[in-house]
Amino acid sequence: MADRDDTYEKALKGKKIPILILDNKWHRLFDFMEPDKTTKKLEAQLNELLKKQGRLNSQLKDIKRLKKKLMDGIVELMNKEDSFSERKREESRRLIEECNQKLEACEDELLGLPTQIYQLNHDLMLHTMDMCYQVLKTNEKDIIEIAAWIAQVRVDLKKNIVRKQEKEVANQEMYSFMHDIFGPHVIEIFDMQYNPMDIQTKKKEEK
């Protein structure tokens, strides 16, 4: 397992791997196989990280928008010296400080997410490749077996066609010889129960 992973790592070095769960073609792979527990677990974990990243990015934008609004408010009040304006500026400064703390917290959380997302996506890709190649190998084995069966059936079919034709010719010749040996009157008695010529005629009519 370790040797296989090392080989994969070398082959994948510098390659950009798309986020699999966002790729419809990745989901289409499971039209050909059932996702196992590991696949479902990795998919769920990756989905949660992407949701968290999206949520934090949204919060970051909202906080920045609020901070800008507060700073614009302070600028508007800069030339006003009344107590209300002073209290307003102080309140805005306090809120800006809270915004800075929240921004820092969001940025700290976001900082490690790309690495976590990459690693989970990488693990999911390796596991998906393992599953796909298992299915490919199984299918290839079945294809070889079915091809061999088809080839044998073709041989058997050709043999049986020849046997069928030989037996039809044999029946016709035997009947002809019997007719010559025993005479038409005797043969007519037996024809009531069996006549290969009539049977062949009926088969042709049915076709």
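With which residue does Glu-91 form a salt bridge, and how far apart are the closest N and O atoms? The partner is Arg-94, and the closest N and O atoms are 2.5 Å apart. A salt bridge here is a side-chain nitrogen of Lys or Arg within 4 Å of a carboxyl oxygen of Asp or Glu. The model is a predicted one, in which local features need pLDDT of at least 70 and side-chain atom pairs count only at pLDDT 80 or more, while totals for chains, interfaces and linings use all residues. Residues are numbered from 1 along each chain as its sequence is written, and side-chain values use heavy atoms, with hydrogens and water left out.

The chain has five helices and zero strands, and along the sequence the pattern reads α-α-α-α-α. Helices (H or I, at least four residues) and strands (E, at least two) are DSSP runs, numbered from the N terminus. Of the 207 residues in the chain, 22% are buried. The term buried means under 20% relative accessible area, exposed means over 50%, and partly exposed lies in between (1.4 Å probe, protein chains only). The accessible surface of the chain is about 16500 Å², and carbon and sulfur atoms hold 58% of that surface; such areas come from the Shrake-Rupley method with a 1.4 Å probe, and for residues only the protein chains shown count as cover. Among the contacts in the chain with a separation of 6 or more, 78% are between residues 24 or more positions apart, a contact being heavy atoms within 4.5 Å.

The interior comes next. In soluble globular proteins, nonpolar side chains tend to be buried together. The largest nonpolar core in this model holds 28 residues, of which Ile-21, Trp-26, Leu-46 and Leu-124 touch the most other members. Two or more residues of this core come from each of α3 (37–76) and α4 (83–191), and α4 gives the most, with 13 residues. A nonpolar core is defined as a set of buried Ala, Val, Leu, Ile, Met, Phe, Trp, Tyr and Cys residues joined through side-chain atoms within 4.5 Å. Apart from residues up to four places away in sequence, Leu-46 touches Ile-19, Ile-21, Ile-117, Leu-120, Asn-121 and Leu-124.

Thr-39 is found in helix α3 and Thr-128 in helix α4. They are 89 residues apart in sequence, yet their C-alpha atoms are 7.4 Å apart in space. Thr-39 counts as buried because its relative accessibility is 1%, and Thr-128 is buried as well, with a relative accessible area of 4%. When neighbours within four places in sequence are left aside, Thr-39 is in contact with Trp-26, Phe-30, Leu-124, His-127 and Met-131, and Thr-128 with Leu-20, Trp-26 and Leu-29. Each threonine also has a polar partner: the side chain of Thr-39 makes a polar contact of 2.6 Å with the side chain of Asp-36, and a polar contact of 3.1 Å joins the side chains of Thr-128 and Trp-26. A polar contact is a pair of N or O atoms within 3.5 Å; within protein, one must be able to donate a hydrogen and the other to accept it, and residues adjacent in sequence count only if both atoms are side-chain atoms.

The charged pairs return the reader to the opening question. Side chains of opposite charge can pair when their charged atoms come close. The whole structure contains nine salt bridges. Glu-91 and Arg-94 lie three residues apart in helix α4, about one turn of the helix, and Glu-91, Arg-94 and Glu-98 are linked in a network of salt bridges. Glu-91 is partly exposed at 34% relative accessibility, as is Arg-94 with a relative accessible area of 41%. Glu-90 forms a salt bridge with Arg-93, with 2.8 Å between the closest N and O atoms; because they are three residues apart in helix α4, about one helical turn separates them. In helix α3, Lys-68 and Asp-72 are four residues apart, so about one helical turn lies between them, and their side chains meet in a salt bridge (3.1 Å, N to O). Lys-68 counts as exposed at 52% relative accessibility, whereas Asp-72 is partly exposed, with a relative accessible area of 36%.

One further surface feature is nonpolar. Met-174, Phe-177, Met-178, Ile-181, Phe-182, Val-186 and Phe-190 form a nonpolar patch on the surface, with about 750 Å² of accessible area together. Patches are made of residues with over 30% relative accessible area and no salt bridge, with like charges joined within 9 Å and nonpolar side chains (Val, Leu, Ile, Met, Phe, Trp, Tyr) within 5 Å. Ile-181 has its place in helix α4 and counts as exposed because its relative accessibility is 63%.
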